[in-house]
Amino acid sequence: MPIAYLLRRIALAGPTLLGAALFVFVLIRIAPGDPIAMMVTGEATPEDIAKLRAVYGLHHSIPVQFLIFLRDIATGNFGTSISLHQDVLSLVFERLPATLELAVAAMLLSMVCGLTFALVSVYWRGRWPAAVVDAIAAAALAVPEFLWALLLILLFGVAIPWLPISGRIEPENIAEFHTQFYLVESVLTGRFALAGEVLAHLVLPALALALPLTAVIARVLKSSLLQAADQEYVLLARAKGFEPGYVLWHHLLPNALIPAVTISGMHFTLLLGGTVLVELIFSYPGIGNMLYGAAINRDLPLIQGITIVFAVMFIFMNILIDCSYALINPRVRQG
Amino acid sequence: MSPPLLEISNLRLEIRSPARISPILRGINLSLLRGQIRGLVGESGGGKTMVGKAIMGLLPANAKITAGSIRFDDQELIGMPDSMHRRLLGRRISMILQQPSSALNPVLRIETQMVDVLRRHMGLGRAVSRRRALELLDAVQIRAPDKVLRQFPHELSGGMCQRVVIAIAFALEPSLIIADEPTTALDVTIQFQILKLIRDLQRKTGVGVLFITHDLGVVAKLCDEVSVIFGGRILEEGSAEAVFASPSHPYTSALIAASPRHDQPERGLHPIPPELIARLWEETAFSDREYADA
Amino acid sequence: MNAAVLAVRNFVSARLVVGGAALAFLILLAITAPWISPHDPLEQDFLLQYVPPYWLAGGNPAFPLGTDNLGRDILSRFIWGARPAMEVMVLGASFSCIFGVSAGLLAGYLGGRTDSIVSRTIDVFMSFPPILLAIVLVALVGPGLGTVIMAVVLIGWTRFARVIRGEVLVLREQDYVTAARLLGYSPGRIVFRELLPNVLPIILALLSLEMGHAIVVEAVLAFIGFSSSEVATWGGIIADGRNYLNQAWWIMAFPMLAILTAVMALSFVADGLRSATDPVVRR
């Protein structure tokens, strides 16, 4: 039954994917200025230009161009980057692992911190630990990751230089890796010193990314925990003689997670989008950072490629969230 | 004669909100002997649920006991440290609640919710507790207990849920069970079955039951003794037979008269007279003043 | 203590006052920039580079917040930077609101195909990281105030549309809407006279939050290089300051403080509005 749900969910996402592709297609083509003219140098002859037009299919009608566009995406042909002169897809895949490691680290961090904050807030309700946690969460909620990133740079760049504030790893160590998944690879191969260095570079950007989401999770989970606490099964659980801590963890939390996951899930995708800014500020070499260069240089194929990859990740992420919701809520599994 | 299983003396309780303090219980006196079923009957808002929660020590945060004592098996419950109190709950005192479908945790399987009490208080292993759970489900007349254990609460009917709750209540062979309107949320036909179940189990195990309800018919059928509560005070008490045959307090008579009699359709409906209620509230206020001055 | 005083007290909660005051201050700065700015924000003086704020050693009271790498007065640039920020905040959030609320009202009330189309469109828009869309748009169209405002609207309208649509879906089942329909009122009148007043509190709260987003988008785009003003932008100052972090941290710090203040003030206002108009929370 869960498989059927997953398949159904993927099928539902189809039109959205198509819509996203259409959106990118339209967006790129409304750009003022002739894309071909931007790609060629001064000595190009009219024949060269005509050839380029043919290569890029610009002589077809718009609907046909769209179909060609779809076919290209499906086969992984995203064209060649104008500024970096390499295949767009391979460029993206080279940098994607860095962004994924960052995003996943930030998500885990926010889940753990958010959960802890919410539990502290409920268990010590009315006493000072809860007040402290509530204050931090309230502050974190209003501040966007852009500002957190800058604050962290200011703090760790000037005031307390304990952690590195740029890059992913010291340049001389890049050759040590076979894959682009630096953290995963170094841990799996047992090179913990190296892993430590990657982690040190990862901490600040992940923290900047995670803080707003931590605040959301903490607030939502706390509210759903308090709501669940009014339910009768909690009374019965306490009537069985269990301590408040046990009731909180075994009875309240599983129920409170359900609405919390739905709402937090919506924000996970925002975290993924936040990588664009955080990578820029921390000079972290992921695909978000690459977008900046592409934008400045009006490198349309690259812009297009990065946008589509992000859209696919977003849609995929939404599917994952829906499925995890079905997993934890027994009532949804049947339906 | 052995001391009563449960003895409540002059229990006073109030609810505190930022705006005001509302007295809920104004000196409750109640006792329950071993093996007895006592009904605590009164209309909604009379404070009867609070009595049950006070015994369990599960009062809401804004409720405060201001006077009186609750003695269970000659131990004073008020002021008992939480850890000691928790040892009693589930093991010596247990509870049956009103809404069977919401009394069970929706995300946990039935087996988990039945077995946790057994393992917590008796330290039984998984296999042993599972067998005991099956026995218990059998005792509450659930067919196919094996299947039920694996299910979730929303897959069971209201009646079946209540049977599970009853099974949990009887699981550790307690001395006292507090039943708070256990049949109110069920269909009339199921009500009868559940009541019969409770009575049969009570006869078999000799447990003391405090049966809280607003339904006089239930009290008449099930209880040995009855206490009538109104406005936070006990107005009348005695054996069920005696109280119903010849009630001494006008409120009790009015309550009995107000019950619809399906066997006497020509009788019509007799609501409780408002003058009586008004007089009773006056008396309540008067007794409050006396208490405050004392 | 009559009902009127109580009502005013309820409304004017602490958060609303503090947030509103901070916001008013920033808007005032933006409006009066040409008159209160102590120096010309574009004036460069290479003899006066990296002057620290006046309360630190080496500071100069003529330049209260110090100078940057080109010897420009930070305070003046700071004040002038409030202009594009406030412009984008007000215009961007307003248009976003108008567009998004209209879409939400239409989708929620009319239902059927209109709803499907609008919902699908929202889904598509929300499959992209908002900042990415903003950057791509500005990259394609070119920098400038208009583009930045367009970017804010493009990524903000979905928030309004989704929430308002949800509210309308619930509200249109209410009895007073059915009554209005039975009385023969046109859909337009029902939407504007019956539904809109009921969603107004939510719109106001969302609007304040959206203004916060608008300021951040403006700052981010300016940071990247797509400025919305030739004079000075907070994001631009931060970008400059980042390169001189170790020599002159104050360049970055003050615009950051401004953005932080604005965002928090708006969040306070949103909270205050929500508790002032939501009868349940008020208790």
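1. Chain A has 14 helices and zero strands, where helices (H or I, at least four residues) and strands (E, at least two) are DSSP runs numbered from the N terminus. Read along its sequence, chain A accordingly follows the pattern α-α-α-α-α-α-α-α-α-α-α-α-α-α.

2. This is a predicted model, in which local features need pLDDT of at least 70 and side-chain atom pairs count only at pLDDT 80 or more, while totals for chains, interfaces and linings use all residues. Residues are numbered from 1 along each chain as its sequence is written, and chains are lettered from A and ligands numbered from 1 in the order in which they are written.

3. Of the 335 residues of chain A, 39% count as buried, that is, with 20 or more other C-beta atoms, placed from the backbone, within 10 Å of their own. Among contacts in chain A (C-beta atoms, placed from the backbone, within 7 Å) between residues at least 6 apart in sequence, 73% join residues at least 24 apart.

4. Two pairs of chains are in contact, and of these chains A and C share the most contacts. Chain B and chain C, by contrast, are joined by no contact, their closest C-alpha atoms lying 11 Å apart.

5. The contact between chains A and B takes 16 residues from chain A and 22 residues from chain B. On the side of chain B that touches chain A, at least two residues each come from helix H2 (82-88), strand S6 (93-96), helix H3 (100-103) and helix H4 (110-122) of chain B, and H4(B) gives the most, with three residues.

Conventions. A residue is buried if 20 or more other C-beta atoms lie within 10 Å of its own, exposed if 12 or fewer, and partly exposed in between; C-beta atoms are placed from the backbone.
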